[in-house]
Amino acid sequence: MMNETNGDRGRINRTIYQLDSLYKRLRPQEFGRVMQQVLACAFEAANFHVVENTVGVPDFTATSPVRDGKHKIFAVEVKTTDKPKVALTHRDLDGILTPGQIGVLAVLVFPAMNPGWLLIPANSISARSWELRHLTM
């Protein structure tokens, strides 16, 4: 979630304004795709190597920089919704529960008073419809 301790309020307000403008101009599927790109860029900014999956799941994988001769690979499935629930299918879950990778369900909470990403370990959820408030916990 966006937090004032992570940056100044003006920057947060400008970001929310830009997200709101995109949200109003794009169809839900287009907005979701753009937000998926934004999240992938955030991983790249943190020096991860990102490989997008144009078909199927996960939406992308992000490989961490090598430390002590090791790296981690995250399989990320991105969901956006303006509803109070988000659906996670068996196909979604199977795509992020790949051996040797860390599965992550990334849910954008937007529009909201305090927008941000929920990053949920795949091994802590099941395929079903989830209320955002439960995922937030």
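View 1. Helix α2, residues 28-45, has 18 residues and reaches 26 Å from its first C-alpha to its last, close to the 26 Å expected at 1.5 Å a residue, where the expected span is 1.5 Å times one less than the number of residues. The model is predicted, so that local features need pLDDT of at least 70 and side-chain atom pairs count only at pLDDT 80 or more, while totals for chains, interfaces and linings use all residues. Residues are numbered from 1 along each chain as its sequence is written, and side-chain values use heavy atoms, with hydrogens and water left out. Helices (H or I, at least four residues) and strands (E, at least two) are DSSP runs, numbered from the N terminus. In α2, the residues Phe31, Gly32, Met35, Gln36, Leu39, Ala40 and Phe43 are buried; buried means under 20% relative accessible area, exposed over 50%, and partly exposed in between, with a 1.4 Å probe and protein chains only. An α-helix has 3.6 residues a turn, so residues three or four places apart point the same way. What covers the buried residues of α2 includes α1 (9-25) together with β1, β2, β3, β5 and β6, contact here meaning heavy atoms within 4.5 Å.

**View 2. The open sheet of 5 strands.** This sheet has the order β1-β2-β3-β5-β6 with mixed pairing, and two strands are taken to pair if DSSP finds at least two bridges between them. The edge strands are β1 (49-52) and β6 (116-121), each of which pairs on one side only. Neighbouring strands of the sheet are turned by 25 degrees against each other on average, direction ignored; the axes are lines fitted to C-alpha atoms, for helices over the stretch in contact, and angles run from 0 to 180 degrees between N-to-C directions.

View 3. Strand β3 (residues 73-81) is mostly covered, with 7 of its 9 residues buried. On the β2 side (residues 60-63), 4 bridges join the antiparallel strands β2 and β3; Thr63 stands opposite Ile73, and the bridge partner of Thr61 is Ala75. Towards β5 (residues 102-109), 8 bridges join the two strands, which run parallel, and Val78 has Ala106 as its bridge partner.

**View 4. The largest nonpolar core and Leu105.** The largest nonpolar core has 15 residues, and those with the most contacts inside it are Leu105, Val107, Ile120, Ile125 and Leu135; such a core is a set of buried Ala, Val, Leu, Ile, Met, Phe, Trp, Tyr and Cys residues joined through side-chain atoms within 4.5 Å. The elements that give two or more residues to this core are β4 (85-88), α3 (90-96), β5, β6 and α4 (132-136), and the largest share, 3 residues, comes from β5. Leu105 touches Glu77, Lys79, Leu88, Ile96, Leu118, Leu119, Ile120 and Ile125, not counting residues up to four places away in sequence. A second, separate core of 12 residues includes Phe48, Val50, Phe60 and Phe74.

**View 5. The two faces of β4 and its pairing with β7.** In a regular strand the side chains alternate between the two faces of the sheet. Strand β4 has a covered face, formed by Val86 and Leu88, and an uncovered one, formed by Lys85 and Ala87. Its partner is strand β7 (residues 128-131), which runs antiparallel to β4 and is joined to it by 4 bridges, with Arg128 as the bridge partner of Leu88.

View 6. Most residues other than glycine have a negative phi, and most peptide bonds are trans. Asn47, in the loop between α2 and β1, has a positive phi of about 70 degrees and is exposed, with a relative accessible area of 60%.
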